[in-house]
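Hi everyone, thanks for coming. Today I'd like to walk you through how two protein chains meet, so let me put the structure up.

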Amino acid sequence: MADLIIFITLLAMGYGFGRYAESRHYASIREREKDLNSIPAIASRIPPQGNPNFDSQLVSGSVVISVDYFKRFIAGLRNLVGGRMSSYETLLDRARREAILRMKTEARNLSAEYVFNLKLETASIHKGKGNSIGSVEVVAYGTALIPNR
Amino acid sequence: MIVSNLEILPGKRITKHLGLVQGSSVRAKHVGRDIMASLKNIFGGELKGYTELLQESRQEAHDRMLEQAKAVGANAVLNIRFSTSSVAAGAAELFAYGTAVIIE
């Protein structure tokens with residue numbers, strides 16, 4: 001009985017806090033994305049050939065985000081029937097966008113114009129019970145091109 | 001030292017390739033941080049301690065790579081890649097590699 005109460009409390013806390021944290025995080029991501037739109041991050045490997053007056057420097061951003069208890073439970077249920085795991089989809093989406101934003105912030109501090117050759121690296125670093133994903137690390141890196149005038 | 005993950009640098013010419021340079025760092029988690037992480041696993045959200053830890057070790061891997069590049073006399077490292085792998089439970093290896101070159 002006590003176990004059941006603990007389980008339900010954890011589930012409720014995960015649902016409440018997790019939902020709140022996620023919606024707040026998404027709001028902040030959207031806000032900052034609008035703000036950093038002026039620095040495009042381009043996945044192309046070839047830098048612009050026409051204008052060679054650029055300095056280049058490596059920039060990177062990384063984040064570790066954890067999934068909440070409720071979402072992990074839902075994902076466990078999803079494992080039985082198969083299909084889309086939207087709880088992990090939003091986790092990875094948030095982590096990637098956050099990492100890109102941090103990289104762009106670093107680029108803006110260097111007054112860069114573009115970030116070229118954007119690469120994303122994802123690693124699951126904390127495994128929960130039964131090898132379920134606990135938290136993921138995403139690192140975004142690229143070359144900032146800084147106009148030298 | 002110019003560090004970039006592009007293969008060609010705009011406006012610069014590569015005069016000599018010096019081969020691959022690499023650096024790695026293996027770090028273990030910290031019990032205090034682990035407790036915080038397991039709490040965060042209930043509530044969800046960013047694990048700031050881990051973000052910092054991984055950033056530090058990635059920086060170390062990066063610095064070791066640059067040391068190697070300096071030792072072979074390069075003045076730039078191009079086409080850098082980062083990679084992460086978990087080698088043991090609770091430990092992660094962060095690895096950085098690139099091509100050491102001399103540019104004019």
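Before we start, one definition: two strands pair if DSSP finds at least two bridges between them. Please also keep in mind that this is a predicted model.

With that definition in hand, look at where the chains meet. Strand 1 of chain A and strand 3 of chain B, residues 45-46, pair in the antiparallel sense, over two bridges. If you'd like one bridge to find on screen, take I65(A), whose bridge partner in strand 3 of chain B is E46(B).

Now let's step back to the whole interface. How many residues does the contact take from each chain? Chain A gives 40 residues and chain B gives 32.

What about charges? There are three salt bridges between the two chains. One salt bridge joins E137(A) and R58(B), with their closest N and O atoms 3.2 Å apart. The rule also finds 12 residue pairs in polar contact across the interface.

Finally, let's look at chain A's side of things. The elements giving two or more residues to the side that touches chain B are helices 1, 2 and 3 and strands 1, 2 and 3 of chain A. Which of them gives the largest share? That's strand 1 of chain A, with 10 residues. Sorted by kind, the residues on this side of chain A are 19 nonpolar, 12 polar and nine charged.

Note on methods. Residues are numbered from 1 along each chain as its sequence is written. Chains are lettered from A and ligands numbered from 1 in the order in which they are written. This is a predicted model: local features need pLDDT of at least 70, side-chain atom pairs count only at pLDDT 80 or more; totals for chains, interfaces and linings use all residues. Side-chain values use heavy atoms; hydrogens and water are left out. Contact means heavy atoms within 4.5 Å. A salt bridge is a side-chain nitrogen of Lys or Arg within 4 Å of a carboxyl oxygen of Asp or Glu. A polar contact is a pair of N or O atoms within 3.5 Å; within protein, one must be able to donate a hydrogen and the other to accept it, and residues adjacent in sequence count only if both atoms are side-chain atoms. Helices (H or I, at least four residues) and strands (E, at least two) are DSSP runs, numbered from the N terminus. Ala, Val, Leu, Ile, Met, Phe, Trp, Tyr, Cys and Pro count as nonpolar, Asp, Glu, Lys and Arg as charged, and the others, Gly among them, as polar.
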